[in-house]
Amino acid sequence: MLILSSFRAVKSRFASALLLGAMLLHPATSATKNEISAPPTTTPSQFDNPIIKSDSKDPTSPNGPLIYTADPAALVHDGTVYLYTTHDEQTAQGKDYRMYDYRLWTSTDLIKWQNHGAVFRSADFGWARGDQKTGNAYAHHVIARKDAAGKTKFYFYAAVEGGQTGGAFSFSIGVAVGDSPLGPFTDPRGMPMILLEDTAKDKQHSWRNIDPAVFVDDDGRAYLYWGNQQLWWAELEPDLVHLKGEKYQLDAKGRMQNRDSSQVNINKVTTLPNFEEGPHLSKHNGIYYLVYAAGFPESLAYATSDSASGPWQYRGVIMDPLPGTTTIHPALFDFNGQTYLAYHNADLPGGGNYRRSVALDQVFFNPDGSIQPIIRTHKP
């Protein structure tokens with residue numbers, strides 16, 4: 001008993017010394033006196049990519065009907081990651097995008113995922129157009145914000161075809177709003193947010209207004225970024241459904257009429273080498289990061305700034321073009337003390353340009369704030 005008691009005493013002193021050393025090296029800034037901060041929740045450093053494999057109860061399992069997903073948008077809310085994706089439905093021989101709905105997958109650990117099915121469709125915009133050959137539910141972005149009454153709302157921004165002045169058949173950007181991240185989402189405008197005429201002075205191709213991404217800064221100001229072959233951005237009103245300076249009237253059903261965007265400041269960014277599409281803005285450790293698809297076939301590049309409005313300093317490429325697909329669509333997000341990149345590849349059986357699959361990997365920053373090249377992981 002004496003030997004055991006002595007061993008316990010020594011062990012206790014040794015553990016106390018280790019704890020004191022750890023506190024001196026890594027002080028807990030949020031702990032009060034006599035408190036020790038809880039360690040961060042364990043998060044994975046590699047993934048069984050693609051993470052979404054089947055349209056089944058366990059979407060990480062390959063033992064189910066294959067589903068092809070792309071263009072990830074990640075929302076972290078109340079300890080859960082809400083991963084919204086587009087849905088590639090093209091046949092193996094198809095030569096164009098065929099996309100009609102947006103799928104939702106959720107996780108609390110980035111390992112186990114739950115399948116929530118389709119939570120929004122391009123047809124949910126009454127002004128959208130599509131056909132059975134191609135579909136038109138292109139890339140999207142989802143954010144959460146409390147409204148003026150203090151209730152959390154969820155805003156679903158999406159690029160779909162239709163809604164153009166004079167009936168022109170090309171891409172618009174719309175927004176839908178819901179009370180839950182699971183939906184349903186409804187269109188509060190009754191018309192698109194971004195139309196062809198808003199960017200006509202800069203570019204002429206009809207698919208230029210795609211890939212919306214919204215960022216809400218620490219001061220509450222919100223910004224919309226979008227574009228193909230050109231990056232544009234505009235500030236939003238606090239309601240997140242109107243552009244700052246946008247004027248309009250409402251009909252008897254509350255839908256916008258006689259829209260006037262002449263006082264909207266739509267900004268063009270010309271300093272990003274090889275900007276192709278897929279902008280995504282996030283903030284990490286006080287630095288603003290603009291990640292985007294560069295060139296074609298697309299690589300993943302990024303720039304940094306000390307402001308959500310730039311100017312932007314180009315920092316380089318962090319992912320080279322991927323085999324089997326010419327596109328990359330990024331989404332950076334923080335979860336449990338780590339930063340992650342969601343993107344798509346073509347690694348599922350039968351994958352390709354129009355049958356893509358969402359993947360995840362960890363992001364590592366250098367001391368100067370630069371991003372290390374992304375290491376793609378896959379568990380055999």
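Where does A137 lie? In this predicted model, A137 sits in the loop between β4 (114–121) and β5 (140–146). A137 counts as buried because its relative accessibility is 0%. Leaving aside residues up to four places away in sequence, A137 touches T86, M99, Y100, D101, Y102, S122, A159 and V160. Take T86 from that list. T86 and A137 are 51 residues apart along the chain, yet their C-alpha atoms are separated by 7.0 Å.

The largest nonpolar core has 44 residues. Within this core, Y84, F156, Y157 and L236 touch the most other members. Strand β6 (residues 152–161) provides the largest share of the core, 7 residues. L236 has contacts with Y157, M193, V214, A222, Y223, L224, H242, L243 and K244, again not counting residues up to four places away in sequence.

Now turn to a charged residue. E276 belongs to strand β14 (residues 275–284). E276 is buried, yet has no salt bridge. How far away is the nearest side chain of opposite charge? That side chain is K203, and the separation is 9.1 Å. Beyond residues up to four places away in sequence, E276 touches G227, N228, Q229, A293, A294, G295, F296 and E298.

Rolling a probe the size of a water molecule over the atoms shows where empty space is left. The structure holds 1 cavity of 30 Å³ or more. The space in the largest cavity is about 40 Å³. Its lining consists of P72, A73, H140, H141, D211, P212, A213, P279, H280, H329, P330 and A331.

The backbone deserves a look too. A cis peptide bond joins N49 and P50, with omega about -10°. P50 is in the loop between α1 (2–25) and β1. Another cis peptide bond joins G183 and P184, where omega is about 0°. P184 lies in the loop between β7 (171–178) and β8 (213–216).

Which residues other than glycine have a positive phi? N258 has a phi of about 50°, and N285 has one near 55°. N258 lies in strand β12 (residues 256–260). N285 is found in the loop between β14 and β15 (287–294). Are they buried or exposed? N258 is exposed, with a relative accessible area of 57%. N285 counts as exposed at 70% relative accessibility.

Conventions: Residues numbered from 1 in each chain as written. Predicted model: local features only at pLDDT ≥ 70, side-chain atom pairs only at ≥ 80, totals over all residues. Heavy atoms only, no water. Core = buried A, V, L, I, M, F, W, Y, C linked by side-chain atoms within 4.5 Å. Buried < 20%, exposed > 50% of the residue type's maximum accessible area, 1.4 Å probe, protein only. Helix = DSSP H or I, 4+ residues; strand = E, 2+ residues; numbered from the N terminus. Contact = heavy atoms within 4.5 Å. Lys, Arg positive; Asp, Glu negative; His and termini not counted. Salt bridge = Lys/Arg side-chain N within 4 Å of Asp/Glu carboxyl O. 1 Å grid on protein atoms, 1.4 Å probe; cavity = no way out; pocket = protein on both sides within 12 Å on 5 of 7 lines; lining within 4 Å. Points joined across faces, edges and corners; volume = space filled by probe spheres on them.
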